[in-house]
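Please find below a short note for a colleague who is new to this structure. The points are numbered and may be read beside the model.

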Amino acid sequence: MAEETPELKTYYGNCHCGAFKFSIKLPELKSAMECNCSICSRKGYLWVFPSAGNFTIEKGEGALKDYEFGPCT
């Protein structure tokens with residue numbers, strides 16, 4: 001008997017400044033990681049690390065650059 005494929009739900013995300021936006025189709029999320037940096041904590045951002053596939057760039061193709069928050073010590 002074949003295993004049933006879960007229904008996919010579309011989730012939307014973006015970088016902190018909003019220059020890059022994406023959508024991804026995944027089974028319904030049951031858990032996510034919390035980042036402890038000040039921006040993610042303040043904004044309530046959660047992280048997931050999906051496998052490849054079902055990922056669509058909605059805005060900002062080629063806009064991503066290296067990112068570093070705050071001074072390096």
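1. Phenylalanine 49 is exposed, because its relative accessibility is 61%; exposed means over 50% relative accessible area, buried under 20%, and partly exposed in between, with a 1.4 Å probe and protein chains only. Its ring pairs with that of tryptophan 47: the centres are 6.0 Å apart and the planes stand at 25 degrees, so the pair is stacked. Rings of Phe, Tyr and Trp (its six-membered ring) pair if their centres lie within 6.5 Å, and planes under 30 degrees apart count as stacked, over 60 as edge-to-face and the rest as tilted. Tryptophan 47 itself is partly exposed, at 38% relative accessibility.

2. On the basis of the values: this is a predicted model, in which local features need pLDDT of at least 70 and side-chain atom pairs count only at pLDDT 80 or more, while totals for chains, interfaces and linings use all residues. Residues are numbered from 1 along each chain as its sequence is written, and side-chain values use heavy atoms, with hydrogens and water left out.

3. How many aromatic pairs does the structure hold? There are 3 aromatic pairs. One of them joins phenylalanine 20 and phenylalanine 22, whose ring centres lie 6.2 Å apart with planes at 35 degrees, so this pair is tilted. Phenylalanine 20 is buried, at 10% relative accessibility, whereas phenylalanine 22 is partly exposed, at 23%. Together with Phe55, Phe20 and Phe22 form one aromatic cluster.

4. The cysteines deserve a separate remark. The structure has 0 disulfides, a disulfide being a pair of cysteine sulfur atoms within 2.5 Å. For cysteine 17, which is in no disulfide, the nearest cysteine sulfur is that of cysteine 15, at 3.7 Å. Cysteine 17 is exposed, with a relative accessible area of 66%. Cysteine 37 counts as partly exposed, at 26% relative accessibility.

5. As to secondary structure, the chain has 1 helix and 5 strands. Helices (H or I, at least four residues) and strands (E, at least two) are DSSP runs, numbered from the N terminus. Read from the N terminus, the order of elements is β-β-β-α-β-β.

6. Threonine 10 lies in strand S1, which covers residues 8-14, and is partly exposed, at 32% relative accessibility. Which residues does threonine 10 contact, leaving aside its neighbours within four places in sequence? They are Ser23, Ile24 and Lys25, where contact means heavy atoms within 4.5 Å. Threonine 56 is 46 residues from threonine 10 in sequence, and their C-alpha atoms are 10 Å apart in space.

7. Finally, the chain as a whole. Its radius of gyration is 15 Å, whereas a compact globule of 73 residues would have one near 11 Å; the radius is taken over C-alpha atoms, and the globule rule is 2.2 Å times the number of residues to the power 0.38. Along the principal axes, the C-alpha atoms fill a box of roughly 55 × 25 × 20 Å. Of the 73 residues, 12% are buried. Among contacts in the chain with a separation of 6 or more, 45% come from residues 24 or more positions apart.
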